[in-house]
Amino acid sequence: EVRFMQGPCVLNTLSEVTATSRHYVDRLFDPDPQKVLQGVIDMKNAVIGNNKQKANLIVLGAVPRLLYLLQQSSSSLELRTECAVVLGSLAMGTENNIKSLVDCHIIPALLQGLLSPDLIFIEACLRCLRTVFISPVTPVQLLYTDPTVIPHLMSLLSNSQRTQEYITQIFSHCCKYLLVFTHTQTHQSLLQHRPSVRMQALKCFSVLAYENTQGLHDTGEWVFVKMMQRDQPVEMQLTAAKCLTYMCRAGAIRTDDSCIVLKTLPCLVRMCSKEHLLEERVEGAETLAYLMEPDVELQRIASTTDHLVAMLADYFKYPSSVSAITDIKRLDHDLKHAHELRQAAFKLYASLGSNDEDIRKKITETENMMDRIVSGLSESSIKVRLAAVRCLHSLSRSVQQLRTSFHDHAVWKPLMKLLQNAPDEVLVMASSTLCNLLLEFSPSKEPILESGVIELLCSLTQSDSSALRVNGIWALMNMAFQADQKVKVEIVRCLGTEQLFRLLSDPDTNVLMKTLGLLRNLLSTRPHIDQIMSSHGKQIMQAVTLILEAEHSIEVKEQTLCILANIADGNTAKELIMTNDDMLQKIKYYMGHSNVKLQLAATFCISNLIWNEEDGSQERQDKLREMGFVDVLHKLTQASDPNLSDRAKTAMQQYLA
């Protein structure tokens, strides 16, 4: 026997192979645990890639012993893990191997192993289970015999990259098979627990399908469509609709596919009606909101299906005094959970109204809608507050609504209150909404300004969250647009030049773009330009230089050159450019740039500097001619872009006038 262990002998006869194999099995029964562990490790190395060796060990009864050691609480964790690894290796062999393992009850033993607190052991059990379950010879319903298994697997999904990978593969195989199987087979044995098993498979699949594009494309949609028929249990209809929704959002089904438009969407709308239980109405509304969030066509279809907009208004009158709830326990439950209905309704309204003006109008004209949103903003449940502000944000994208219902209901007051020490996700939504309320045509702009909003927004620009910095600076930018000097001075004073320049070197391009937008709005109309440049000119010119020299996108550089053009329009401010030869050379460089947008903006700067009707224009023209600008302009009059050649011609006329 020793002979076989040492050299790389060519093993010809079965009796010889069996002899060496028996040696491995015998060591599993050694009284010394250390020797047993070493035996399992040696066995692991011997079976890798060796199908003959695997078959022999199975024939010689290694499997029951390995399973026994795996399940013994007295076995060390290392031994149990190594046993799981060897079993996994045996399962990698032929279909006959798998049959033998299943007959030895490997599945319940491994499922039991998943209750261990040790991640490495769990991963080894899962890996083996994955190999067993994806084999065509394993009856998939073995996964569903114990109702606690699926929820436990779901809870393990997020433990590690590996658990996610193995469980997803198990689910993917078993669910698809079972869903199709239980819909096409009429085996008596399966029929008894068919609905519950199918329900479990369906639930797994919905977890699997959520934001997961892999492995979904070949699932028969017809299976889910059949499950959404009205004669199926409501829970099944809902979960099937959820599966199709997730598949659609993951890109596995098109949004205009008939199974979405004609089946899934109507099924979810149906779930929102009064005759369903509270949980069903909540789940129906939230799934529908998710389904149509990115698609305006689905939003339009939903808004005209079954009076959905009016139906959702019932979510706020729950439970109504005429409610037919006779079960007192149920009533108590529903009263405790009524806020979930309000949250779901706000979410669905937000999704419905996110793109279409007519739908927004329909929503705001629904009875007491604006009052409901306003009271939703101050509810005790943070989730309701978040959903209400999402709904408000969606409606605030409408010029019409900002001018009418938002103004009539003084929405800005509860919104401002909400912005005081709220959690980040609420702050992001609330500040986005505020950006819209501060647009120049919004009648709420004035009262908001008077309520001390500038300090609040300036503090948002110092947040760690880039979304909040963007919103803070965006709102300030909107506020500065065509504002009077008092407001502009207050913004600069409150923000502070240091913070302004910190934002100009923000790692987030959106923050940088909005900060440039703010600067551009601050530096508009001559007296404002001159006033701001007289106190902060040196720093602003420095910032402009830095941006034009650094690696930035065309959009960022274009905005920066537009700011420079505004400065060039000031009476006294333009001297800051004229006395800065380095800056003039940069403008000249951008006039000859390969990008037309940058050429246009740079030419605009020069145009403003040489404009005839202003004091000192002659001296400026002379200096710029000496620097070669006239030659550049002359060349640009021949540009292929009509805007650019026109602008260059206009500038040239200043020299000729």
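**Side-chain contacts in the predicted model**

Both Tyr246 and Tyr290 are buried, a term for residues under 20% relative accessible area, with exposed meaning over 50% and partly exposed in between (1.4 Å probe, protein chains only). The model that contains them is predicted, so local features need pLDDT of at least 70 and side-chain atom pairs count only at pLDDT 80 or more, while totals for chains, interfaces and linings use all residues. Residues are numbered from 1 along each chain as its sequence is written, and side-chain values use heavy atoms, with hydrogens and water left out.

A search of the whole structure finds 3 aromatic pairs; rings of Phe, Tyr and Trp (its six-membered ring) pair if their centres lie within 6.5 Å, and planes under 30 degrees apart count as stacked, over 60 as edge-to-face and the rest as tilted. One of them is formed by Tyr246 and Tyr290, edge-to-face, with 5.9 Å centre to centre and 75 degrees between the planes. This pair links distant parts of the chain, 44 residues apart: Tyr246 belongs to helix α15 (residues 234-249) and Tyr290 to helix α17 (residues 278-292). Helices here are DSSP runs (H or I, at least four residues), numbered from the N terminus. Tyr589 and Tyr590 also form an edge-to-face pair, because their ring centres are 4.9 Å apart and their planes stand at 75 degrees. Tyr589 is exposed at 53% relative accessibility, whereas Tyr590 is buried at 3%.

The structure holds 0 disulfides, a disulfide being a pair of cysteine sulfur atoms within 2.5 Å. For Cys259, the closest cysteine sulfur is in Cys248, 7.8 Å away and too far for a bond. Cys259 is buried, with a relative accessible area of 7%.

Salt bridges number 25 in the structure; each is a side-chain nitrogen of Lys or Arg within 4 Å of a carboxyl oxygen of Asp or Glu. Among them, Lys347 meets Glu286 at 3.2 Å, N to O. Lys347 lies in helix α20 (residues 328-352) and Glu286 in helix α17, so this contact ties together parts 61 residues apart in sequence. Helix α20 also holds Arg342, which is bridged to Glu379 in the loop between α22 (369-376) and α23 (382-395); their closest N and O atoms are 2.6 Å apart. Glu379 is buried at 18% relative accessibility, and Arg342 is partly exposed at 21%.

Methods. Helices (H or I, at least four residues) and strands (E, at least two) are DSSP runs, numbered from the N terminus.
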